[in-house]
Amino acid sequence: MPTADNATDTPAKGSRDAWLEAAFELLLESGVDSVRILPLAKRLKLSRTSFYWFFKDREALLEALIERWREKNTRGLVRQSEAYAESIVEAMLNVFDCWLDPRLFDAQLEFAMRSWALQSEAVAREIDAADETRIEALTRMFVAHGYDGLAANVRGRTIYLTQIGYISMKTRESLAVRMARIPAYVEIFTGQHPEPRELRRFHARHGDAPSVDDGAD
C-alpha cells in the first residue's frame, strides 16, 4: 500500500499532518499508550486503512512524533541560544523566550516525552541525547560571551535543569509573576543585571509592559 512518500492527500484519507497532529494531541492528553491507529481514525473520522497511506505502521508514527519533538524543542532551544545577542543578558533573554512561547519550545510536549521515556529505553536514550545537546548549546552561548569553560557549563546546566524542574513539577505561574522574576533569574544565571531597555524589548516580545524606566531608548 502507498506510504507517505507517494501518497496524495484527499478528504477520504486525510493528510499526514492531520494524522500526526491527532497523534500529538493523544500523546499530550493520555500518554503514548493511547496513540494507536483505531482511536486516531475515530478521532479523525477516517477509515483505519487510510492511516497506511502515510505511515508504514504505528512505530513509524511514533518515530514521527519523536522527530517533531526533536525539531521543536531541541533544535528550537539550540536556535535561540545561537540567536544574535550583543550581551550575555540579551542572549539569556533569547533563551527565556523558549519558556514563554510554545512555538519555540513546547513544555507540554516535553513533559509527555519524559513520561514516555519512563516506559521506553529507546525514548530515554533520546531524552539523554537531547539533554546533552541542549546543555552543550547553552555552554557554547556562555563561552561565546567570554565565560571560561567550567563556568559556562555550570551556568548552562543550572539554567537547563531549573527549567526541566519547572516542567517535571508542572509548575504553574501567571505571566505577571514569571515576568517579575525574570530580572533576578537573569542576574543569578549570568552574574549581570539586565538593563531596562533589554527588559523592555523582552517584555514587548511577549505582549507585556515591564515596570522599569531608565529614560533611555
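Which side chain does a polar contact of 3.0 Å join to that of arginine 134? In this predicted model, the partner is threonine 74: a polar contact of 3.0 Å joins the two side chains.

Arginine 134 lies in helix α6. Its relative accessibility is 0%, and arginine 134 therefore counts as buried, the cut-off being under 20%. Residues up to four places away in sequence aside, arginine 134 touches Trp69, Asn73, Thr74, Leu77, Phe105, Glu110, Arg114, Tyr160 and Ile164. Among these neighbours, Tyr160 and Ile164 are also listed with the buried residues of α7.

The helix that carries arginine 134 can be checked by its length. At 1.5 Å a residue, the 24 residues of α6 should span 34 Å, and the end C-alpha atoms are 35 Å apart, which agrees. Besides Arg134, the buried residues of α6 are Val123, Ile127, Ala130, Asp131, Ile135, Ala137, Leu138, Thr139, Met141 and Phe142. The cover over the buried residues of α6 includes α3, α4, α5, α7 and α8. After α6 comes glycine 146, with a positive phi near 95°.

Helix α7 covers residues 149-168. At the start of α7, a side-chain oxygen of aspartate 148 comes to within 3.2 Å of the backbone nitrogen of leucine 150. The same length check applies here: 20 residues at 1.5 Å a residue should span 28 Å, and the end C-alpha atoms of α7 are 28 Å apart, so the two agree. The buried residues of α7 are Ala152, Gly156, Ile159, Tyr160, Gln163, Ile164, Tyr166 and Ile167. Because these residues cover an arc of only 155° around the axis, they lie on the same side of α7. Their packing partners are α3 (58-82), α4 (88-100), α5 (107-117), α6 (121-144) and α8 (175-190). Lysine 170, which follows α7, has a positive phi near 55°.

It remains to consider confidence. The protein has a mean pLDDT of 91, and 90% of its residues reach 70 or more. Over residues 3-8, however, the pLDDT is below 50, and this stretch has nine contacts in the model beyond near neighbours in sequence. Residues 212-217 also have a pLDDT below 50, with 10 contacts in the model beyond near neighbours in sequence. Where pLDDT is low, predicted coordinates should not be read in detail.

Methods:
Residues numbered from 1 in each chain as written. Predicted model: local features only at pLDDT ≥ 70, side-chain atom pairs only at ≥ 80, totals over all residues. Heavy atoms only, no water. Helix = DSSP H or I, 4+ residues; strand = E, 2+ residues; numbered from the N terminus. Expected span 1.5 Å × (residues − 1). Buried < 20%, exposed > 50% of the residue type's maximum accessible area, 1.4 Å probe, protein only. Arc of directions from axis to C-beta. Contact = heavy atoms within 4.5 Å. Polar contact = N/O pair within 3.5 Å; in protein donor to acceptor, adjacent residues only side chain to side chain. pLDDT = per-residue confidence, 0-100.
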